[in-house]
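Me: Please zoom in on one part of this model and walk me through how it's put together. Then carry on to whatever else stands out.

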Amino acid sequence: MTLRLPAFLNLRRLEGRMVVPFLALLAVVQVSSWTITDASIRANTEQTVRAELQTSQRVLEHLLTQQVEQRAAMLRDFEHSYAIRQLLANADRLSKTDLELSLSHELESKNQRLLKSGLIAYTDSQFKLVAATAPEAPDFAARLPALVLSMAKQDGASTPWQSHLLLRQGRAYLIVAVQVKAVEPGGWLLMADELGAGPLQELRMLSQVKSSFMLRLHPDEAWHTQGSVLNKVQTDALDQQNLHEAGAIKFKLGADDMRGMLRPLVRDGEQELAVLLLRNFDLAFETFDRLRLTLAALTLLGLLTFALASLLMARRISTPIRSLANTADRLGHGDYDTPVQALSGAAEVSDLARSLESMRQGIRQRDAALNELAFKDALTGLTNRAGFSRLATRLLARPGGHCAVLVLGLDRFKHVNDVQGHEFGDLLLRKVAERLGPLLQGDDDVLARLNGDEFALLLNLGDEAAALGLADAIRRNFERPMQLGEQTVDLSAGIGISLAPQHGYEGKLLLTRAGLAMMEAKKRQSGSLIYTPGMDVASQESLSLLGELRHAVEAGELRLYLQPKVDLGRSQVLGAEALVRWQHPVRGLVPPMHFIPFAEQTGFIRTLTTWVIAASIRAWAMAQAQGLPMRISVNLSTRDLLDQDLPDKIMRLLQAHGATSQALCLEITESAIMDDPQRAMGTLAQLSELGFKLSIDDFGTGYSSLAYLKILPVNELKIDKSFVMNMEHDLGDAKIVRSTVELAHNLGLTVVAEGVESAKAWNILAALGCDEGQGFFIARPMPEAHFFNWAKGWQAPDLNGDSTATVLEQLKTDPLI
Ligand code: C2E
Ligand code: CA
Ligand code: CA
């Protein structure tokens, strides 16, 4: 099964070609713009996060500063408290130990009530520790001078909190000190607290940044978390990062993508404190998710809208084109009647539609003109065969339609044409058309010329009686000779009739059947004939016979029979006539009259004649070899005479057997000569020149004029057997035989009588001076193999018993004929 793409996705279709590339282009543009935007959002987020971290750092610094200041303010309050002032003012009066004790006590109570610091201490103005709330106070007091020094240096601007940071034994402390100025001799109040996660938590509350103090004891070590807002899992994960460098960092914390900034805060000897500020990048990026989603939706919407729009546009273009293609198809199939629809839309398309329409009109006109030509006979201006059958078919298609078709074939037209010339022939045909025309009376009756000398007449709604009436009218009309210039022509014709619907519903078939009837009418010389199914069968049989006949020659089914010709006076075998037979595998021995006429019609006779001539020459050679000198007579037909190669062909066959033209006599029927006297004469002259004996066969049955007989280069006349066989009983025939013998002798020709069936006939012929005889009385045609023995053993019959007197007597008393 093949997958069928919809038209708009099929790149071989116009729609596809318009929609797909545009859509692909748009998709590329949209996707790349989406990618670029996404990347820039990401870059932007990175930047924002970095800025946020920087801001957070400043906030943290500010928070630390605040813590320092808060503590300083607390210490200053403390300094101004009554108890302290009182104590310090009376310091001189107290013992050192008392002072220390009282001060410690006061620091302790104040711290517990108010300050809640890890450590409060008091030093004298020389930074000597006087009292403290915790034992590690000396360590912090020792740092005081440096702190005071840095505080003095500060102008308050930069990072005051920095100097308050102190690293001790891996811990960070915030120390704040104020100078006691209220009471002489003055001193320093000091507060120290381990740096807690307080500011980090505050920062966390103010921003999205989580942070962590990081510490390392040596520059080569990794940072580790000190105080943090991160939970335990996170700090562990962070410690495993093994951070060494300060600056911007990126890393994964669990599933979160983190951005961080590690800022050193203070360095104390080898130890270092830094703060790590962290921002969850994914969370930051998430804020743009809506934007990205909107962007993606817009991209998709754009693609869809564009796809839809370009599809609609492609449809608008391709639909009219498709409709034009359909129109062109219709035109291609020959429908020129439906006008091409005018199309709105693009100018090019409507122009194309207009062009197609004018093309359609042009073709229709030319088609009509061609039809006119195709269905008309140029010579007579009548409808031709195609036009006739089309009209007939149309008439029959009407409800209740029936008709009669007459096909008329002129007799002897070919002869007229050849003798009088083609112009004369054309004129004759036109005159015939003029005579036939008025014989048709109905509005829908049609007269047509089919071809050559054949005309057809259609009687719309005509029946058998009407058809026969028309045939009769034509016959009567033709009785009046036609005057063409100085010539008078006798007209006669064979007419075949077919009737619809009995014989067919189609013009073509009706014509064919009327044509068959016409041929049959001509054959039977019966004037007009109505078609019968037997005629079809006969013509079909002939056709199948032709196939078989071709095969017969190849398969060696033809047989040569020989019938002797003898000298009537000297009782001597002079030769034989070659007569062909067909040994048919089913039908048995087929006589020549069953296939020769048909072979003549189809032109196959040439092949057949060649076979007979070759076989005859072989027979002659055989006779020669057996000491039987003779001449073989071969029958030629009309078609053979028209064959220009015939003389050469025969000569070649003769040469092949070492024979000469003396071996053969060629018989030509009278009618064969009269069919085309000019050409026949040419061939006969050639054959005669080559030395062949020529004989006119069936003499007396045709209408050969004596004028022709005089100039034909023939040597022999063969009186037709119909006269010879009747001679004994019919004085008329006897007279014809006698005068034919005399005529032939006068023209210097020998005479042969065929059909000698009795001794009596022989005697009469011999008495009349007929030279040769051939007939069943002498011998029937026999297979060539029998012939030689027959010839060797033949004795002239004893003729004395037969009385020929009566006929001869009668002839003598009638000497005028
Ligand atoms: P045809 O040329 O007139 O041949 C003589 C015919 O008369 C032969 O008939 C023969 O058998 C017959 N015949 C001979 N003597 C007598 C007789 O005493 N009484 C009667 N009733 N008939 C006799 P066949 O052989 O049947 O041939 C008929 C025709 O067929 C021939 O007439 C000839 O026109 C044609 N034909 C035969 N063989 C050939 C051939 O090889 N080529 C051509 N073109 N035509 C041939
Ligand atoms: Ca013959
Ligand atoms: Ca004959």
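Reply: **Two crossing helices, and onward**

Helix 12 (residues 422-436) and helix 13 (residues 464-479) cross at roughly 130°, and their axes come within 11 Å. Bear in mind that this is a predicted model. As for handedness, helix 12 and helix 13 make a right-handed crossing.

Now follow the chain on to Gln 483, which sits in strand 14 (residues 482-484). What does the side chain of Gln 483 make a polar contact with? The partner is the side chain of Thr 488, at 3.2 Å. The Gln 483 side chain also reaches the backbone oxygen of Gly 485, at 3.4 Å.

Helix 1 (residues 14-80) packs against helix 8 (residues 289-332) at about 165°, with 9 Å between the axes. That angle is why helix 1 counts as roughly antiparallel to helix 8. The contact between them has 20 nonpolar residues, plus six polar and five charged ones. Helix 1 and helix 8 cross in a right-handed way.

Then there's the ligand site. Ligand 1 is surrounded by 21 residues, and the closest are Gln 563, Arg 581, Asp 697, Glu 757 and Phe 776. Gln 563 puts a polar side-chain atom 3.0 Å from a nitrogen atom of ligand 1. On the oxygen side, an N or O atom in the Arg 581 side chain lies 2.9 Å from an oxygen atom of ligand 1. Phe 776 takes part through its backbone, with a polar atom 2.8 Å from an oxygen atom of the ligand. Taken alone, ligand 1 exposes 790 Å², of which the protein buries 86%.

Which elements build that shell, with at least two residues each? They are strand 19 (572-584), strand 23 (693-699) and helix 23 (721-726). Strand 19 gives the largest share, four residues. Sorted by class, the shell around ligand 1 comes out as 10 nonpolar, seven charged and four polar residues.

How values were computed:
Residues are numbered from 1 along each chain as its sequence is written. Chains are lettered from A and ligands numbered from 1 in the order in which they are written. This is a predicted model: local features need pLDDT of at least 70, side-chain atom pairs count only at pLDDT 80 or more; totals for chains, interfaces and linings use all residues. Side-chain values use heavy atoms; hydrogens and water are left out. A residue is near a molecule or strand if one of its heavy atoms lies within 4 Å of it. A polar contact is a pair of N or O atoms within 3.5 Å; within protein, one must be able to donate a hydrogen and the other to accept it, and residues adjacent in sequence count only if both atoms are side-chain atoms. Accessible areas come from the Shrake-Rupley method with a 1.4 Å probe; for residues, only the protein chains shown count as cover. Ala, Val, Leu, Ile, Met, Phe, Trp, Tyr, Cys and Pro count as nonpolar, Asp, Glu, Lys and Arg as charged, and the others, Gly among them, as polar. Axes are lines fitted to C-alpha atoms, for helices over the stretch in contact, and angles run from 0 to 180 degrees between N-to-C directions. Angles under 35 degrees count as roughly parallel, over 145 as roughly antiparallel, 65 to 115 as roughly perpendicular and the rest as oblique. A crossing is left-handed if the near helix is turned anticlockwise from the far one by less than a right angle, and right-handed if clockwise.
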